[in-house]
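Work through the following exercises with the sequence and the three-dimensional model open beside you. Each exercise begins with a task sentence and is followed by a solution that goes step by step.

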Amino acid sequence: MFWSVIAANRRKTVLLIVLMGLLLVLSGGMIGMAFTDVYHPFAGLIGAALAGAVWIAMLLMSLFASDTILLGLSRAHEVSRETYPQLFNVVEEMVIAGALPAMPRIFVVDDPAPNAFAMGKSPEKSCICVTAGLLAMCTRDELQGVVAHEISHILNQDVLYMTVAATMLGSILLLSDIFTRSFRYTSTVRLASRSRRAGGRAAGPLLIVSLVLAVIGPILARVLYFSLSRKREYLADATSARLTRYPEGLASALQKIGESADTLTTAPSATAPFYIVNPYRQHLGNSAFATHPPLEERIRILRAMSLGAGYLDYHRAYVEVTRRREKLFPASELQDVGRVGIREDGQTSAPVRPARTESARRAGDIIRALNGFAFITCPCGLKIKLPPEYREARFVCPRCRRAHLVNRPDGKAVCSVLSGSAVMSRQASAGRAEPLNRSGRGGRDAPMPQEVCYQPGAWQKITCAGCGHEYEISPRFRARRMVCSGCGATIRLAPVHEPDDRSSGIQT
Amino acid sequence: MSTGTVVFIILTGAVLAVLLYIVFAYNALVALKNQIKNAWSQIEVQLKRRHDLIPNLVEAAKGYMAHERQTLENVTRARAQASGAKTVPDISRAETALSSALGQFLAVVENYPELKANQNFLALQEELTSTENRIAFSRQAYNDQVLFMNNKVEMFPSNMVAGMFHFRKGQFFELEEQSGRAAPRVSFG
């Protein structure tokens, strides 16, 4: 049930916000004490109260005016069912799936960059905004995934929490800015003299503490804020998969969004956490100052959900992909395995509008094939086109770092190395390994031993060259060879490491 | 304080706690029951929407599909049966039949390019796709609620409260066949 997930998440969020509030009050208090007489009993209190007042003013301002201002800033216009029937249908479907109390208002931004965001402080009054670019390039299923992500933001009341957190961050930044500036320009002498007058005992250390707080506070507040934002993105992704029962829809939508070259020109920076992907494309990777988790990671988590679309499945995929053991959801949600099945892929697999690039790409491929290019389709979806000049036996996918064998038709760069020592008989499949060339039994029809390059630490597909049986090799598989259960052939797994063979290069 | 008063206070506290728990559990169960009712009415709304949509769809297709009377009649008949069904198992069965009839219909549509190019029909088809999705999603929401309720009714300690006030387990709304579960595959090729 996503209600309990939402409730648990709310508790965590409130805790984080309280932490930020403490930071705010503390820095306010410290600044107050540093500026006024240190031994005045209310100095700290006055500072803290001022900090609180700044925050409340900012909060009220953003709560009452944010929707209209932000929608206006991003140049969104409200649309009707007549002009965008499919968008309306998809939103309505997700409203039903998420049991949202009211239908959100729907806005479209006329921008070719694909993106989407949600607004609204409560599930009763909310808006969903998508760009024209998103509508143009997504299939129905992908659009559904994106809309479900936005609906989850509304269900989780992310906008409210993120607004509260953002204004706190803003006021902490403002306070520390005021403090450091005035400190730098004017008050060094005054503070020092006052502390001397006061006896010179406590003011010095206090001054240092408040200085440190003025420097550390904003950084800490930012880290808190962005970690909150990223957690909520993961939760929205998980809820999207849960609502649509189809993680692939959101995954391929995110991929398309990531691959698009356009960036949103109209996004105000304060709204960045509300977009489905950060419109500013920080290339910070998994840094502590990113509003969104890295796009590739989100896609890989969604694609790793092979068993089901529930929270447990997302959690497992999350642990598998990120290798972080943190809990995104309460334990009560992580019990029923595979109960939430994945539905079949969608109804309309054709894009909403036929992509013109696709046919151009196909024509280019035909010409490349004539010119001796080699084509590899990576399981991650990337189509690799290798020019005839490429003579290496192996190619590492630039997107997912999988190693591929390059099978040239002319046989010059075929990587299927046979090694006599690895020849095993059929009995190997029964557990009794015995070198074939010693007994000679069944030597004629003994399947060819194969060597396959693989990369440890990631899921990958291996096809037995003898019988065509396909294997999925788990990242935890550590053995160096395996026996095909179909034909009994031995498959040697040659681990391929990333091209950091610098050490060997030095030796030779 | 004598030991007597201490024991008395502890006992009263315990009884109060139990009473409070009963009140809360009862209220939670009632809320759940109403949510289930609400979710079911949502399914009914969507099924009704589908029933309303089908005559339009058949009407739009008729002019183009002269040789497919059988398919069209199947859809119409399945629709009539589905709108006549009353109990949850009956509705499940009839809707499953209707879904498969619709699936066949949409498969046949593939053979009629003029029909597929018809703007009116395309709009209806999008509506049908959406309606199938809505049925699936409202069913999903309903079944989630029923599962939640059934867990409450069966698990300790809420099962005692449920038994006291005669809360019964809800019935899942299942569509038996795989074809009924997935929305019919429609592609514009």
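**Exercise 1.** Which residue of β4(A) does A:Ser122 stand opposite?

*Solution.* Before starting, note that this is a predicted model, in which local features need pLDDT of at least 70 and side-chain atom pairs count only at pLDDT 80 or more, while totals for chains, interfaces and linings use all residues. Residues are numbered from 1 along each chain as its sequence is written, and chains are lettered from A and ligands numbered from 1 in the order in which they are written.

Step 1: Helices (H or I, at least four residues) and strands (E, at least two) are DSSP runs, numbered from the N terminus. Strand β4 of chain A covers residues 125-131, and the residue in β4(A) that stands opposite A:Ser122 is A:Lys125.

Step 2: β3(A) and β4(A) form a hairpin with two residues between them, and their pairing is antiparallel over five bridges. Two strands are said to pair if DSSP finds at least two bridges between them.

**Exercise 2.** Describe the sheet to which β3(A) belongs, and decide whether β3(A) is largely enclosed.

*Solution.* Step 1: The sheet is open and has four strands in the order β1-β2-β4-β3 (chain A), with mixed pairing. At its edges are β1 (76-78) and β3 (116-122) of chain A, each of which pairs on one side only. Direction ignored, neighbouring strands of this sheet are turned by 25° against each other on average.

Step 1: A residue is buried if 20 or more other C-beta atoms lie within 10 Å of its own, exposed if 12 or fewer, and partly exposed in between, with C-beta atoms placed from the backbone. Five of the seven residues of β3(A) are buried, so this strand is largely enclosed by the rest of the structure.

Step 2: Helix α5 (residues 140-155) of chain A lies across β3 and β4 of chain A, and runs at about 25° to β3(A). Such axes are lines fitted to C-alpha atoms, for helices over the stretch in contact, and angles run from 0 to 180 degrees between N-to-C directions.

**Exercise 3.** How many residues of α8(A) are buried, and which residues are they?

*Solution.* Step 1: Helix α8 (residues 247-259) of chain A has 13 residues and reaches 18 Å from its first C-alpha to its last, close to the 18 Å expected at 1.5 Å a residue. The expected span is 1.5 Å times one less than the number of residues in the helix.

Step 1: Ten of the 13 residues of α8(A) are buried, so the helix is largely enclosed by the rest of the structure. The buried residues are A:Pro247, A:Glu248, A:Gly249, A:Leu250, A:Ala251, A:Ser252, A:Ala253, A:Leu254, A:Gln255 and A:Ile257.

**Exercise 4.** Which residues touch the most other members of the largest nonpolar core?

*Solution.* Step 1: A nonpolar core is a set of buried Ala, Val, Leu, Ile, Met, Phe, Trp, Tyr and Cys residues joined through C-beta atoms within 7 Å. Of the 102 residues in the largest one, A:Met94, A:Cys129, A:Val146, A:Val147, A:Ala165 and A:Met168 touch the most other members. Helix α7 (residues 203-244) of chain A gives the most to this core, with 13 residues.

Step 1: A second, separate core of 16 residues includes B:Leu98, B:Leu102, B:Phe105 and B:Leu128.

Notes: Two residues are in contact if their C-beta atoms, placed from the backbone, lie within 7 Å.
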